[in-house]
Amino acid sequence: MALATDMSSSTGESFVDCLDGLAAFLYMHELYHYRFDAHCLQMEATGGLPVYGPYRRLVANRPISEWHEESIGNFYGLEALRPNPRFSYPQPICDYLWDLAGC
Ligand SMILES: [Zn+2]
């Protein structure tokens, strides 16, 4: 809620539109994590070797600047805001989230 409030005051767009854009971004970001985790678990189940646990330990020992999964998740989230033939978010909302995600 605080982020949507800041987004609204920074962009001049309505709180509802900002919250909707933020929710779309977060949904797609988390959906990417879900797909990544499911893929790792599928590789582990079919390959017979641990994949998920070693990956999580590797990431936990790296600085946040090397968490590439987060960068890709942000890209997926930002792609959800890209204008399409059916719907587009106001440009200031897209710009705010692009600046926030730092892609
Ligand atoms: Zn994430």
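Author: A crossing is left-handed if the near helix is turned anticlockwise from the far one by less than a right angle, and right-handed if clockwise. Helices here are DSSP runs of H or I with at least four residues, numbered from the N terminus. H1 passes H5 in a right-handed crossing.

Reader: What kind of model is this, and how are residues numbered?

Author: It is a predicted model, in which local features need pLDDT of at least 70 and side-chain atom pairs count only at pLDDT 80 or more, while totals for chains, interfaces and linings use all residues. Residues are numbered from 1 along each chain as its sequence is written.

Reader: At what angle do H1 and H5 pack?

Author: Helix H1 (residues 2-11) packs against H5 at about 120 degrees, with the axes 10 Å apart. Axes are lines fitted to C-alpha atoms, for helices over the stretch in contact, and angles run from 0 to 180 degrees between N-to-C directions. The two helices are therefore oblique to each other; angles under 35 degrees count as roughly parallel, over 145 as roughly antiparallel, 65 to 115 as roughly perpendicular and the rest as oblique.

Reader: Which residues of H1 and H5 meet?

Author: Met7, Ser10 and Thr11 in H1 meet Pro92, Ile93 and Tyr96 in H5, contact being C-beta atoms, placed from the backbone, within 7 Å.

Reader: And how do H4 and H5 pack?

Author: Helix H4 (residues 68-80) and H5 have axes 10 Å apart, at an angle of about 180 degrees. That makes H4 roughly antiparallel to H5. On the H4 side are Asn74, Gly77 and Leu78, which meet Leu97, Trp98 and Ala101 of H5.

Reader: Changing topic, is Leucine 100 buried, exposed or partly exposed, and why?

Author: Leucine 100 is partly exposed, because 16 other C-beta atoms lie within 10 Å; a residue is buried at 20 or more such atoms, exposed at 12 or fewer, and partly exposed in between. Leucine 100 belongs to helix H5.

Reader: Which residues form the largest nonpolar core?

Author: Nine residues do: Met7, Cys18, Leu22, Phe25, Leu81, Tyr89, Ile93, Tyr96 and Leu97. Helix H2 (15-47) and helix H5 (91-101) each give two or more residues to this core. Such a core is a set of buried Ala, Val, Leu, Ile, Met, Phe, Trp, Tyr and Cys residues joined through C-beta atoms within 7 Å.

Notes:
Two residues are in contact if their C-beta atoms, placed from the backbone, lie within 7 Å.
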